[in-house]
Amino acid sequence: MSSDAIPARNTDGPDLKATLRRLAAAACERPLGPAEVEELEMLLSGDLLASQYYLGYTQVHSSLLQSREQVTPECIWERVERDLFAKRRTSRPITGRKKTFIAAAATAGVLLTLVTVLATVSLPRPPIVGRVVAIAERSTWGGDPSELGAVVRAGGTLSLEDGFVTVRLKNGVTVDVIGDTEAVFESELDVALRSGLLAADVGLNGRGFTVGTEDADVVDLGTRFLVGKNFSSGTHVRVDEGLVEAWLKDEDGSIRSVVELIAGQSGRLDRSAGVDTQGESLFDFDTAYAPVAKAKGDVRRFSGAARPFWSALVGLDLRPFETLTKGRVFIVPEAKGVVLADGLVVSGRDGVTEVAAGTAVDSYLCHYDIGDGTRLEAAGQGGISLGTDIVAVIDTSADLAATDALFANPGTRFTDEPFRGLDDSGDEITLSADGSTVVFDLEAQPGRPLDQFRVLVRSAGF
Amino acid sequence: MHPAQAPPADAPPWESARAIENLTPAECRRFAELVAEAYPELHRVVAGLVTNPHDLDDVLQDAILKIFRNFRKYNPERGFRGWACTIALNAARDFLRAQRVRRGFGLSDELIQQLMSVSGGTYELAELRIELLHGCLAALSKGDQQMLWECYGTDVAAAEWARRRGKRENAVYSRLRRLRERLFDCINDKLGESS
């Protein structure tokens with residue numbers, strides 16, 4: 001029997017099916033009011049066919065909602081893990097600081113290649129082309145906001161007013177979108193830059209990756225480059241590594257001229273002015289991009305509450321109440337390429353660890369300050385995954401103070417309060433066994449509003 | 001201070017959480033695969049009771065966590081889908097009860113139980129309806145398919161869709177509702193034909 005075969009209950013009154021449809025439609029769009037709930041109760045109670053009809057309607061709603069989702073074992077696991085961190089925070093008795101070495105990365109930036117289980121309805125759905133792996137603190141959006149870890153689908157637009165967002169595409173290409181910018185991710189190999197600035201780091205699998213603007217297509221041939229689109233002066237390109245081809249386009253899309261640019265070269269492509277590789281660039285790439293590169297450092301992925309810090313670093317005040325993080329944990333880049341003249345010995349709960357003399361390290365300070373605010377659920381939980389080995393995590397107030405002179409940015413102000421380092425009352429750090437990911441769960445509280453720890457990584461190139 | 005450890009080349013992502021529930025890596029992997037496979041069904045049974053997209057997402061999240069916490073109790077000789085759907089339906093029931101207490105009104109326990117029974121007991125019919133929905137969707141114009149895909153269940157996208165096309169938001173919502181109605185009728189027509 002089809003579910004449409006339900007008879008009208010009362011031929012004098014409104015048709016039962018019509019009423020059920022009206023109530024089901026309302027339930028799909030908004031919370032039902034008391035009178036509607038009462039009406040639904042009256043119509044459905046004891047009537048299995050009516051219930052089936054009602055559920056048949058909500059099933060269409062459910063299927064349409066679900067068609068937007070692509071459910072993989074990986075995302076199921078992310079949901080579990082996200083909640084586990086939250087539950088642990090509220091339910092576990094405080095027994096002192098617990099640091100656990102685990103066998104593998106937790107929220108690391110491992111993009112699994114597990115089998116994808118598609119949702120049941122095959123609406124035409126653009127494929128996933130990448131994932132958001134970093135959102136700078138203080139970023140503001142010009143359009144729909146995205147979230148850290150969110151997937152980016154083909155045709156998806158990122159509109160950023162301020163800050164920066166990093167998207168890692170499935171083919172390994174990393175794209176930094178730096179506000180004020182609007183960019184459309186057409187595919188893994190094609191990004192349309194409507195305005196603003198983006199930087200692309202293209203790996204071996206990304207050769208042919210193209211950034212298209214109104215005036216030009218910039219085609220990568222294995223490199224790292226930046227493209228800026230300015231409405232008044234055309235498209236600007238700078239190549240940091242490797243080689244690109246830049247094509248100047250006419251309004252009908254036909255190619256007017258092509259120029260090759262190699263590392264260190266810049267070019268401007270403009271329909272009225274043509275191609276210029278000699279003049280001064282009107283686009284100040286250094287000012288716009290250097291803070292982004294500095295903020296990211298060797299961090300491949302920021303997870304949870306972790307946010308790259310890209311405000312001015314010199315003279316930063318990291319004493320309590322001075323740089324509030326509002327539930328986030330700021331990852332502040334510090335000194336790079338510090339060669340330890342003497343071995344660095346740090347005493348922690350897990351014993352004494354020594355980093356050998358001659359080791360070259362980069363430093364990141366993780367800063368969490370809730371001020372006098374109340375603690376938010378899931379605040380202070382996150383992680384960072386690096387492209388290099390973590391050689392030490394310094395988390396006691398004494399060790400932090402002892403290493404400030406070596407690693408801190410010039411003029412940074414720190415507190416000498418004993419609560420600066422991680423507390424014995426619930427802060428947790430978990431380091432992956434592959435030495436590339438640190439996951440943290442910090443619990444500052446009014447009166448002890450600050451938590452900091454320093455992550456030392458092996459400096460790239462050493 | 002933590003020294004670096006020897007790196008395993010292909011570290012799976014569930015190591016930290018598995019330690020909490022004392023599951024083996026194989027069990028964690030199996031759990032994630034089974035839930036991903038059963039997810040459409042979990043979504044369907046919960047959505048029959050909890051229609052608001054945000055509430056639905058919360059209940060599903062809660063259900064997935066409960067399934068994980070109880071995964072050791074799952075008997076692999078029985079079907080996973082039915083076992084998981086029962087947990088999901090219970091999570092939906094608990095949510096509706098709490099909502100009723102909060103608002104002062106809501107569906108009775110008896111009706112919730114009845115809807116749970118119907119929802120959990122009509123798997124084959126639900127499968128058939130989904131299959132028919134495929135055909136009904138394909139019969140829509142490309143523009144309508146695109147609109148459903150982009151706008152359904154997201155106010156922000158619907159507003160943006162309306163803005164880009166110079167239409168009123170209400171017109172977009174009305175269109176979405178009409179499309180849903182048309183799909184529902186289409187499925188029922190096809191069910192009538194097949195029976």
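A charge sits over a ring if NZ of Lys or CZ of Arg is within 6 Å of the ring centre and within 35 degrees of the ring normal. Select Arg420(A) and Phe414(A): the arginine lies over the face of the phenylalanine, at 4.2 Å from the ring centre.

This is a predicted model, in which local features need pLDDT of at least 70 and side-chain atom pairs count only at pLDDT 80 or more. Residues are numbered from 1 along each chain as its sequence is written, and chains are lettered from A in the order in which they are written.

Next, colour chain B by secondary structure. Chain B has 9 helices and 0 strands (DSSP runs: H or I of at least four residues for helices, E of at least two for strands). Of its 195 residues, 49% count as buried (under 20% relative accessible area, 1.4 Å probe, protein chains only).

Now select Phe31(B) and Phe80(B). Within the largest nonpolar core, of 87 residues, these two touch the most other members; such a core is a set of buried Ala, Val, Leu, Ile, Met, Phe, Trp, Tyr and Cys residues joined through side-chain atoms within 4.5 Å. Helix H2 (residues 25-47) of chain B gives the largest share of this core, 12 residues.

Phe71(B) and Phe80(B) pair edge-to-face, 6.4 Å centre to centre with 70 degrees between the planes (Phe, Tyr or six-membered Trp rings pair with centres within 6.5 Å; planes over 60 degrees apart are edge-to-face, under 30 stacked, the rest tilted). Tyr74(B) and Phe80(B) are also edge-to-face, at 5.2 Å and 85 degrees. Phe80(B) is buried at 6% relative accessibility.

Key
Heavy atoms only, no water. Buried < 20%, exposed > 50% of the residue type's maximum accessible area, 1.4 Å probe, protein only.
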